[in-house]
Amino acid sequence: MSDTATTRAQQVFQLKSASVSMTALELYYFDNDEFEDTLRNKISQAPGFFRDIPLIISLEKYEGLDSELDFFKIIGACRRNNIHVIGVRGGNDDQRRLARGASLALMPGNGQRDRGHEAEAETVPAPAAPEPQAVKEAPVTKVISHPVRSGQQIHAPEGDLVILAPVQAGAEVLAAGNIHVYGPLRGRALAGIHGAESARIFCQSLEAELVSIAGHYKISEDLQNSGWKSAVQIQLRDDLLVVAPLDKA
Amino acid sequence: MARIIVVTSGKGGVGKTTTSASISTGLAKRGHKTVVVDFDVGLRNLDLIMNCERRVVYDFVNVIQGEASLNQALIRDKRVDTLYILPTSQTREKEALTKEGVEKVINELSETFDYIVCDSPAGIEHGALMALYYADEAIVVTNPEVSSVRDSDRILGILQSKSRRAEMGQEPVKEHLLLTRYNPDRVERGEMLSVADVEEILAIPLLGVIPESQVVLNSSNQGMPVILETESDAGQAYDDAVARLLGEEREHRFMTNQKKGFFSRMFKGG
């Protein structure tokens, strides 16, 4: 690779291996109208997610007749909904021949799966993989836009917690990741509750009863001398909570 | 559909019943058919402040338990004829207020009244939860001191999580802050929180500031809602609050002691 870079090769392109996370449509049988209805319905649940995504048709659980399998219709229905069918996975020789006829790429099926067990067969074609793709992104951030009142507890068990309002005295906010409070932090804030020592706490005015990162905590009394009532970030350095003003960060 | 307004605070003794009496009287005086319901089962006070304690035959709990009809229990106010009082029971337990029972009564009241004012008991237990459960709006009565503010904050959290509107995912209960027993002199001396302090902490719109006044105590003892003392600053402050509740814009008064020249000299001199 460095060769090409140094010799400024005049090649038009270079082939590289790439692995891309994709959505697979597990097709159980095919009926044109039902297919498009179900597709629209799925898209309406998350229009942004499905827009212009590549899609592969998985035939590993296909039970319908080969003669009913019309890839041109499938491609057409998907195009109308801004989804690009790029290939098929699995399927028998006849099915793969049909796919090739529709200019679709052929991908090997998942050998382990046998056509026999399909206990979790749910509705007709289900885009099987939104979850895998979502997992690749950062863990979900929880955003709260109303004040967290005394006695309330807000918990973000997986990702960050963003609060666009005050956290009142007697309230408690917890997150596996960072905590941002765009308002005064008067209650308790516990970041990195599963042990993430890199987690931080940010707030616009530090008036907290207690702050904690990965189990290391400071109470109000110990916070009075550093950044009290001002915008700060709090992080863990050498097992010590360090409060630093935000404007000098 | 009636508007259901709960008067609540978390903390006791801040002026919920005084406020319920005055707000409901003020609404009725403006021609709105209003009922004020006492939710403080076992510590019945509203009837005293409304001066109808000698006319109580049946109460809220009797209606819930089917022992009396709503019309038998409702007491018509003698001063304002669009105002009715639904007194509570002094002998029962708070648990007598079942969710279904309260709903039935509220629904029936909704058919004929414009405003239903629910006078909540102190605390955050069953009685208080029942009083706020069906509310469309909440008047949070707060005194300018830290523990009252903290309790108000707690009740605001409960309004946003345990009311019917919260449970059904409807538009949240509309919140109003009413500061009572406000003494500008003591604020100036740093003995009390200022309006700005309380507004900053609770972050909800201010409905009104009721100045601390001997008139409030006197009128309570005489069974007269203080809003009817139209000469007093507390009475006028409640009148302003009712006007704002109905959407009128009125400037806040009685927040500073600028009128010292007149009122306080008179009181201090006397």
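Colleague: Why does B:T142 count as buried?

Modeller: Buried means under 20% relative accessible area, exposed means over 50%, and partly exposed lies in between, with a 1.4 Å probe and protein chains only. B:T142 has 0% relative accessibility, so B:T142 counts as buried. This is a predicted model, in which local features need pLDDT of at least 70, side-chain atom pairs count only at pLDDT 80 or more, and totals for chains, interfaces and linings use all residues. Residues are numbered from 1 along each chain as its sequence is written, chains are lettered from A and ligands numbered from 1 in the order in which they are written, and side-chain values use heavy atoms, with hydrogens and water left out.

Colleague: What does B:T142 touch, and in which strand does B:T142 lie?

Modeller: B:T142 lies in strand β6 (residues 137-142) of chain B; strands (E, at least two residues) and helices (H or I, at least four) are DSSP runs, numbered from the N terminus. Contact means heavy atoms within 4.5 Å. Not counting residues up to four places away in sequence, B:T142 touches B:S148, B:V149, B:S152, B:L177, B:L178, B:L179, B:T180, B:V198 and B:L202.

Colleague: Why does B:E108 count as partly exposed?

Modeller: The value for B:E108 is 36% relative accessibility, so B:E108 counts as partly exposed. B:E108 is found in helix α5 (residues 99-112) of chain B.

Colleague: What makes β3 and β8 of chain B stand at the edges?

Modeller: Two strands pair if DSSP finds at least two bridges between them. In chain B, 8 strands form an open sheet with mixed pairing, in the order β3-β4-β2-β5-β1-β6-β7-β8. β3 (75-76) and β8 (206-211) each have a single partner strand, so one side of each is left without a neighbour in the sheet.

Colleague: How do you know that β1 and β5 of chain B pair?

Modeller: Strand β1 (residues 3-8) and strand β5 (residues 115-119) of chain B are joined by 5 bridges in the parallel sense, and the definition asks for at least two. B:V6 stands opposite B:C118 in β5(B). Helix α10 (residues 195-202) of chain B packs on this sheet, touching β6, β7 (174-182) and β8.

Colleague: At what angle do α1 and α12 of chain B pack?

Modeller: Axes are lines fitted to C-alpha atoms, for helices over the stretch in contact, and angles run from 0 to 180 degrees between N-to-C directions. Helix α1 (residues 16-29) and helix α12 (residues 233-245) of chain B pack at about 60°, with their axes 9 Å apart. B:T18, B:T19, B:S22, B:I23, B:G26 and B:L27 in α1(B) meet B:Y238, B:A241, B:V242 and B:L245 in α12(B).
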